Amino acid sequence: EWRSRPYFNSDNGLDRKIVDCRTFLSISTARMLRRFGQTLKDGLGRPCVIQTWYSSPVWRQTSRLTLSELAKGGIDIVAQVTDYAPPRLQRAPGGTANFSIAAANLRKLLFVQELDHRTWRSQSIAGWDYTAYPKDAAEFQAQIMRDVGVTLASGANGFYYYDMFGSWYHDPEAMKIIRTTFQMADWAAAHRGKVPRTEFAVFMDEPDRLHCEGMANGGAAMKSLRTSGLTPDIFMLEDILNPALPEYKLYLFFSPLTISPEQLKAIQQKACRPGNVVMIIGPTGICGPFKAAKPVFAAFGLQIEDVFSPPDSNVVAFAENKQHPLLDNCRGRLGTTGVQIQDDQVFYLHHPVWAHISNSDAVVLGHWLGTSEPGLVCKSSGGYTLIYSPQIAGVSAQLLSNAARLAGIEPSAQPGNVVYVGQGIAVGHRLGDPIRLNFPCKMRFFEPFSGRRLGSDRSVELNCSPGECQAILYEIAD
């Protein structure tokens with residue numbers, strides 16, 4: 001029954017039964033773990049911490065427990081394994097920070113990344129070649145420095161290595177790399193909150209996984225996020241209501257299927273401020289009290305009509321020969337997911353619903369491929385800019401970079417490489433052009449392996465070839 005339809009709303013009948021069943025499984029299991037953790041603490045009678053897993057709205061495979069329930073006591077740490085496994089390859093964007101880390105921080109939960117990365121010593125298991133075995137220490141270092149650097153820069157509280165055979169890391173070269181990452185973690189902990197933070201917030205609707213499978217969730221856009229030159233703080237949609245939520249300049253909402261009137265009002269009050277940019281990407285409102293996207297976008301002055309059937313095309317193409325700051329260097333198709341080639345045919349991510357955009361004053365930035373139907377638009381009013389596309393995960397790294405600049409944010413680097421900067425950790429994993437890191441003020445730089453000072457400036461160029469990674473430590477210069 002769960003796979004019989006693209007999504008289930010909150011109406012009575014089969015929809016409500018399926019959603020209620022999945023909600024019960026998500027909340028009751030988390031509640032059971034909390035009570036077990038608290039019982040264990042009480043029974044031990046001494047300070048201890050309890051860790052659990054499987055609570056990520058970013059990676060749908062592991063989104064089994066409600067994070068808000070886990071945060072009510074009894075659980076101290078939530079861990080998440082690194083994405084399997086092509087993202088781990090040397091010429092790939094990485095698979096760590098695959099969690100709503102900012103949401104955990106907001107709830108006083110510790111997030112720890114699990115690194116079960118193979119080494120050149122790892123036993124090759126039949127059928128598991130895709131786990132990205134490095135051929136030597138250099139490849140292992142590129143993978144580890146990228147994935148640890150991204151984890152720490154994103155605000156994680158730490159990480160641990162999981163050696164499934166007890167022999168993967170039993171090597172001097174491997175241990176040298178691992179010890180360096182421990183030093184990076186110490187540096188990040190010492191500089192947490194002491195360097196400028198990101199101005200880019202991403203919101204994912206955690207309950208969407210209770211209503212559908214594969215139609216929502218920004219996890220499908222992580223490749224674009226990781227190569228945008230920006231470091232996102234990833235929250236859950238409900239966090240827009242939290243008074244402790246920091247202010248940002250660029251707000252990105254992925255598929256807010258269950259958005260409520262209270263959340264919509266909070267977005268208007270907190271995000272829609274002069275100079276800010278608000279992006280809403282993907283299906284919206286259809287599984288919540290609004291029942292449709294139309295009333296949600298009416299609040300922003302954008303006229304749309306919900307279309308509860310597949311579009312003629314499943315991917316949006318950027319408008320050609322159109323001049324607009326948001327289109328600078330944007331070419332081809334929107335998004336970086338869902339493309340498959342079978343029997344000489346190209347297939348994209350399936351969209352069971354979409355929206356007809358009819359605003360005459362909205363600027364059309366892209367059309368559904370092969371049609372004249374708008375698929376990406378922007379509209380400025382009240383001093384802020386709204387960007388909307390009904391395409392699932394419909395963002396590209398360049399579009400995000402352009403949106404950040406429109407919001408007054410200087411990206412840490414040009415899009416195209418994996419670059420994360422935060423908590424005193426800056427990491428660049430080169431996939432394309434050379435990497436130059438930019439900072440909002442003058443910084444002192446240090447080499448993580450030796451601790452050697454590298455000078456001070458507002459920018460620094462990394463010395464790495466394609467497929468290689470370089471991390472640096474930084475602090476504000478006096």
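Mentor: Let's start with Asn321, which sits in the loop between strand S10 (316-318) and strand S11 (340-342). Strands are DSSP E runs of at least two residues and helices H or I runs of at least four, numbered from the N terminus. This is a predicted model, where local features need pLDDT of at least 70 and side-chain atom pairs count only at pLDDT 80 or more, while totals for chains, interfaces and linings use all residues. Residues are numbered from 1 along each chain as its sequence is written, and side-chain values use heavy atoms, with hydrogens and water left out.

Trainee: Why does Asn321 count as exposed?

Mentor: Exposed means over 50% relative accessible area, buried under 20%, and partly exposed in between (1.4 Å probe, protein chains only). Asn321 has 80% relative accessibility, so Asn321 counts as exposed.

Trainee: And Ser255, is that residue buried or exposed?

Mentor: Ser255 is at 1% relative accessibility and therefore counts as buried. Ser255 lies in the loop between S7 and H8, and has a positive phi of about 40° although it is not a glycine.

Trainee: What makes H4 and H5 roughly parallel?

Mentor: Angles under 35 degrees count as roughly parallel, over 145 as roughly antiparallel, 65 to 115 as roughly perpendicular and the rest as oblique. Helix H4 (residues 137-153) and helix H5 (residues 172-191) pack at about 15°, so they are roughly parallel to each other.

Trainee: How do you know that the buried residues of H8 line one face?

Mentor: Those residues are Gln263, Leu264, Ala266 and Ile267. Seen down the axis of H8, they fall within an arc of 160° (taken from the directions from the helix axis to the C-beta atoms), so they line one face of the helix.

Definitions and conventions
Axes fitted to C-alpha atoms, helices over the stretch in contact; angles between N-to-C directions.
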